[in-house]
Amino acid sequence: MNQHASTRYRLRPLAVFSLLALAALPAAAQQPPATGGDPSQAPNGAGGGIAREKSFPQIAAGKWSGPRLADGQPDVQGHWSNTISNHSNFTDPQGGIVNDPNPRMRATGPRAERAPSRISDPPDGLVPFQPWAAEKVKDFQANFNNPTKPEYIEPLARCAPAGVPKSFYWHGYEIRQYPGYVLILFNSGYRLIHLDGKPHLAENIKLWNADSRGHWEGNTLVVDVTNNNGKALFGRSGEFASENAHIEERYIFSPDNKRYNYVATITDPAVYTRPFTVTIPARRWTDDEKPNGWHYETEVNTTGKKPIVERYERICFENNIGFGQVASGGKK
Amino acid sequence: MKFDLKQTSLPSSTATAVAAGLLALSLATAAAAAAGPKVPRSADGKPDFSGIWQTTSAADYDLEPHSARKDAPPGPGVVEGNAIPYLPKALAQKQKNFETRETADPRLKGWSLSVPRQVYYPEPFQILQRPRDVTIVSQFGYSVRTIHTNGTNHPTGDTHEFWLGDSRGHWEGDTLVVDVTDFNDETWLDRAGNYHSDALHVVERWQFLDANTIEYKATVEDPKVFSRPWNLDVILYRHREKNFQLIEDYRYTVDWEPYYPPKP
């Protein structure tokens with residue numbers, strides 16, 4: 001029995017929406033261990049209510065006047081999560097899984113009433129795929145709900161690291177900073193962003209979470225991402241980058257240190273007809289907010305007078321068996 | 001230092017000068033020994049273990065002394081007293097593990113190594129240190145261990161069976177003492193099938209020998225497996241190669257990763 005199984009959270013259904021932004025996995029899928037009822041899977045999308053933000057503030061790049069660490073970095077440490085849905089649908093994040101066989105899970109209502117595409121440029125909100133790549137995505141979408149080949153299984157379902165940029169819209173995460181490093185602990189895997197000016201790894205080394213070299217410009221963490229293996233995909237709608245992708249990220253933090261926008265331009269001449277930009281809004285979680293098992297996956301340590309929020313280990317792969325099988329209940 | 005000056009044939013003024021010099025030297029040496037080696041320190045004065053570390057010992061192949069095997073280099077052992085004090089039934093299980101180690105070692109599946117194996121596994125790990133915690137990122141695997149140094153105790157409430165255990169540390173002088181509990185029983189202690197139950201309890205002691213060398217000691221206790229606590233001791237060296245960094249090592253994706261991403 002692991003910690004995930006012993007945590008219980010109360011779901012708060014939202015009255016407002018009937019559509020399901022955060023759809024369940026198809027029946028054949030093996031999901032990573034949920035914390036006693038994954039709020040992201042609930043009808044009407046629970047998860048603290050922020051999973052269903054339909055719009056978000058733009059944040060201007062500029063000076064930083066907030067707290068700083070001893071080495072001069074803006075201090076943005078803490079617990080963060082995205083504010084719009086999960087990885088079910090890249091271009092219509094609250095639109096549910098493409099071709100979802102369960103009618104209750106499908107989006108209803110006009111597109112304009114849902115959050116915008118994660119693609120902020122080009123303005124049509126679609127990935128500018130070359131024809132061969134667009135065909136592959138269509139093929140994935142046609143087979144995702146009944147995968148008969150391994151390539152139709154979304155790799156996060158196998159506990160693969162979520163990669164770039166998918167890690168930012170799968171569960172909450174924690175940012176820790178040190179001289180020369182920003183460490184981001186995701187639900188699936190971690191990224192260590194090097195601020196030390198050293199070169200990237202050799203080109204032939206390809207990694208799930210890529211290789212990241214960054215620096216601060218005022219309120220913006222600018223990160224150059226290469227050595228991506230392209231295997232994580234962007235989510236359940238099957239969009240992808242290749243192992244040649246080059247990603248330029250900008251994490252633009254608001255002056256009150258409560259939000260940031262992740263704005264990343266992805267260049268990959270083997271897959272796209274032009275570079276495109278992904279924008280993912282994020283918000284900070286604080287000590288006085290209750291852990292909710294998805295966006296704010298923390299625990300409270302009650303040793304001293306003041307409860308301290310902490311994050312437990314993230315273990316996925318070890319707790320799961322072969323894909324396509326169903327776990328039986330009951331304690332060991 | 002003691003010198004028998006009567007044995008020399010120096011003139012007395014030189015002898016006095018030599019004696020004074022020796023006295024000054026021995027005082028300085030004593031002072032240096034009392035202060036300890038010069039090591040990196042955090043702003044709060046504590047030794048700062050930040051950096052990338054790795055053991056050169058053969059501990060992960062077999063904690064106990066062993067000669068060369070087809071699947072392991074020899075090693076003098078890192079266990080105090082050489083033999084791990086198993087309870088009789090547990091020793092039988094260990095033998096069984098040893099015989100099936102080529103397939104049964106959980107590391108072959110890419111499973112998290114847990115504590116203390118992650119410290120002496122023959123791949124580098126990175127320590128990132130803040131006042132409130134020490135974070136250990138292992139190159140092998142994908143799990144990150146947090147040693148809380150903020151005065152908190154192990155969590156209460158539900159029984160926890162963590163893969164990495166729960167680590168709470170405090171400083172005793174320049175030694176980081178870490179108490180690790182709340183383990184599951186799924187991991188091994190090395191490739192030779194040395195193992196533990198969910199009653200495992202490890203007390204680690206991390207101390208600089210010099211700025212680029214850490215001595216790591218662990219007291220391992222498990223009343224379901226061992227007849228008494230026992231100690232192990234390894235030395236960790238700082239990686240100083242130019243531009244050295246950890247490189248992701250996930251084994252568990254290897255079988256199915258060729259299916260992604262789509263190719264033209």
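Trainee: What scores does the model get for ipTM and pTM?

Mentor: The ipTM is 0.87 and the pTM is 0.86. Keep in mind that this is a predicted model.

Trainee: And chain B, what is its mean pLDDT?

Mentor: Chain B has a mean pLDDT of 91, and 87% of its residues reach 70 or more. Residues 1–8 of chain B are another matter, with pLDDT below 50. That stretch has six contacts in the model beyond near neighbours in sequence.

Trainee: What should I do with coordinates where pLDDT is low?

Mentor: Where pLDDT is low, the predicted coordinates should not be read in detail.

Trainee: OK, chain A. How many helices and strands?

Mentor: Two helices and 12 strands.

Trainee: How much of chain A is buried?

Mentor: Of the 332 residues in chain A, 48% are buried. As for contacts in chain A with a separation of 6 or more, 64% are between residues 24 or more positions apart.

Trainee: Remind me, what do strands of a sheet pair through?

Mentor: Backbone hydrogen bonds, and the strands may be parallel or antiparallel.

Trainee: Pick a pair in chain B. How many bridges join β5 to β6?

Mentor: Seven bridges join β5 (residues 166–172) of chain B to β6(B), and the two strands run antiparallel. B:E172 has B:T175 in β6(B) as its bridge partner. β5(B) and β6(B) make a hairpin with two residues between them. In the turn, B:G173 has a positive phi of about 65°.

Trainee: Now an arginine in chain A, A:R250. Which strand is that in?

Mentor: A:R250 is in strand β8 (residues 246–253) of chain A.

Trainee: Why does A:R250 count as buried?

Mentor: Because A:R250 has 20 C-beta neighbours inside 10 Å, and the cut-off for buried is 20 or more.

Trainee: What does A:R250 touch?

Mentor: Leaving out residues up to four places away in sequence, A:R250 touches A:T220, A:V222 and A:V263. The C-alpha atoms of A:R250 and A:G214 are separated by 9.5 Å, with the two residues 36 residues apart along the chain.

Trainee: Backbone geometry next. Where are the cis peptide bonds in chains A and B?

Mentor: One joins A:V164 and A:P165, with omega about 0°. A:P165 is in the loop between α2 and β3 of chain A. Another runs from B:Y260 to B:P261, with omega near -20°. B:P261 lies in the segment after β9 (230–238) of chain B.

Trainee: What about phi, which residues have a positive phi without being a glycine?

Mentor: A:N99 is one of them, with phi of about 60°. A:A210 also has a positive phi of about 60°. For background, most residues other than glycine have a negative phi, and most peptide bonds are trans.

Trainee: Where do A:N99 and A:A210 sit?

Mentor: A:N99 is in the loop between β1 (78–82) and β2 (119–121) of chain A. A:A210 is in the loop between β5 and β6 (211–217) of chain A.

Trainee: Is A:A210 buried or exposed?

Mentor: A:A210 is buried, because 27 other C-beta atoms lie within 10 Å. A:N99 has 14 C-beta neighbours inside 10 Å, so A:N99 counts as partly exposed.

Definitions and conventions. Residues numbered from 1 in each chain as written. Chains lettered and ligands numbered in written order. Predicted model: local features only at pLDDT ≥ 70, side-chain atom pairs only at ≥ 80, totals over all residues. Helix = DSSP H or I, 4+ residues; strand = E, 2+ residues; numbered from the N terminus. Buried ≥ 20, exposed ≤ 12 C-beta atoms within 10 Å, placed from the backbone. Contact = placed C-beta atoms within 7 Å. pLDDT = per-residue confidence, 0-100. Pairing = 2+ DSSP bridges.
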